[in-house]
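Thanks, everyone. I'll keep this brief and go from the overall picture to a few side chains. Have a look at the model first.

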Amino acid sequence: MKRRAYFTRLLLSFFIISIIPLVAAGIAFYAASLRIVNNANSQRGVDAISIAAETIEQRLDLYRHIAYTLSKRPQVSSAFTADKEKKDSTWLKGLYRVLYGEIAGHLYDVSVHLIAADGSSAYSTHQLPAHYDLSNYVNQDGIFSEERPDPDRTYLYFYPFISEKGDRVACSFFRELENGYLILDILAAPLFSEAEQRVFDSMILAETEQLQAVDFYRAERDGTFDHFEELRYLLEEGADRYNEGRAIIRDNVLLIVKKIPGSSLILLGSMSSDRFRFALSALWKFGSWILIGISVLVVLLAYYISRDIGGPVHDLASAMEHLSDGIPPRVSETGRNDELGYLVISYNRMVGRLEELLERTREEALALRIAERKALQAQVHPHFLFNTLGTIKSIAKLRQVPEIVDITTALGKMLRAAAGDGIDLVPFSTTVELLQSYIAIQYYRFGDRLQASFNVDDSVLSFLVPRLILQPLVENAVIHSLEASPGPVHITITAQRRGIGMDVRITDDGPGIAPERLDEIMKNGIRVGISNVKRRMELLYQGEGHFSITSTVGTGTEVYLFFPGEQA
């Protein structure tokens, strides 16, 4: 029952941890794909609308300049003020030469109309539209009825219509002349080429003040805003918020708006976002079938893995239940080369060694009692030695031998430091006192040949350092330098703060160490004291500390240690 419950939980666990990420990854992949496609199409639309808006802006500037230039030509500006007798065929040819000359290269893009204010005469490069005929009173509306406070300004009017020749006129530039008007009609085709920007389902140029618009793709919609569903979305959103080419998605319609600089015109591109989702539907169906196939495969693999893992674990658990009764039974080895196989083998080895361990336990208990007895005996010797030194010191004071008093005092300090009290790290001040005691003892041996000085910064006295870490190094400097040199040797112990740590240098001006000899000492540890110091630094500070020796033959030796910051 336990094995079946464990197997079931294991199977469900494998299934859940495999399926849930797959489902989440599939949903995330679909959402990310849709977002990427939307963003890509939005960016594509933004780029297209920006190019189209720039093109329209440039062409409107060009046509505005043509209208202005024409209005300033003498033949045009005086068209309705000249005497009727002078308006012969020569004058008329000159007028049309000026008109056609200015629109050369744009003959199929624009048309120019000169209309007398009283409707008595009109001149046109193309057929004059009927609603420009001022001789009929009922036609005196539209752009003629607009208020124009600045007579020298070129006004843009957005009243789309179909000309008598069947051309789509998108907008017109209007300038006042003396006793008349100049109108430059602009066709829709030159403002926007469908072949250039076939990105949107519709491309609309709208005038937000006169509420007129043209659709470059569908001429039947030209007219007021109520013909355009897209403009309703735009008015609801607020056109001013979206005049920088940003995308709007409303009712599965992607809208991108761009304001034409220097005018009240906006360019609006729209496309249905359903086609993005349709493009992803095939991918989603394909991914669903893959997900189903993977799910079936995951169930089979989870069943196999759960059975493969649950069997050995159940056998081990059953065997371990007998551990409290004594020696547990062995488990049949699976022959596996993984952790479970190793676990079964290790368990069987453990069972095989239990009897040995029980026998060794009895032997070790006996050995422990013997060791404790020897440890108690070992504690007697240091106390006996300290008491003996105290007796020698008392006798030396009574006999008035100060040298023996100093030596026994220094030796007692060193022995107590060596014996220790169970503490591995001591303040650096304690280490300095120990070194001073050692130098004092050696001074009685070597006399004036031994010269020592301490340059210790007060700020480092509280740093914690290993017990007896410097004494072997100073001892090497004293013994090997003085024994190898007939003259005096000066030893300097320097300690100062570096960052949060402490630098310690032990230098002597002895005979020095040859390079090959120094390499042998550092690599092979032929000097026990140096080897112990190096090993202790490595074990205690794990690479954060530093220990090195530099020496020059005939000049001296320097030992450098760096202790990371740790204060008492």
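Start with confidence: pLDDT is the predictor's confidence in each residue, on a scale from 0 to 100. For this protein chain the average pLDDT is 76, and 69% of the residues score at least 70. This is a predicted model: local features need pLDDT of at least 70, side-chain atom pairs count only at pLDDT 80 or more, and totals for chains, interfaces and linings use all residues. Residues are numbered from 1 along each chain as its sequence is written, and side-chain values use heavy atoms, with hydrogens and water left out.

Where does pLDDT stay under 50? Over residues 371–381. The model has zero contacts there beyond four places in sequence, a contact being heavy atoms within 4.5 Å.

Now the fold. The chain has 13 helices and 19 strands. These are DSSP runs, numbered from the N terminus: helices are H or I with at least four residues, strands are E with at least two. Among contacts between residues at least 6 apart in sequence, 60% join residues at least 24 apart.

Next, burial. Buried means under 20% relative accessible area, exposed means over 50%, and partly exposed is in between, with a 1.4 Å probe and protein chains only. Of the 568 residues, 39% count as buried.

On to the aromatics. Rings of Phe, Tyr and Trp (its six-membered ring) pair if their centres lie within 6.5 Å; planes under 30 degrees apart are stacked, over 60 edge-to-face, the rest tilted. How many aromatic pairs does the structure hold? Eleven. One of them is F144 with F174, edge-to-face, 6.2 Å centre to centre and 80° between the planes. F144 sits in the loop between β2 (122–124) and β3 (155–157), and F174 in strand β5 (residues 168–177), so this pair ties together parts 30 residues apart in sequence. Both F144 and F174 are buried.

Y541 and F563 also pair: their centres are 6.0 Å apart and their planes at 75°, so this is edge-to-face. Y541 belongs to helix α13 (residues 528–541) and F563 to strand β19 (residues 556–563), so the pair links distant parts of the chain, 22 residues apart. Y541 is buried at 9% relative accessible area; F563 is buried at 1%.

Ring pairs link Y132, F144, Y155, Y157, F161, F174 and Y181.

Last, I17. This residue is in helix α1 (residues 2–72). Buried or exposed? I17 is exposed, with a relative accessible area of 56%.
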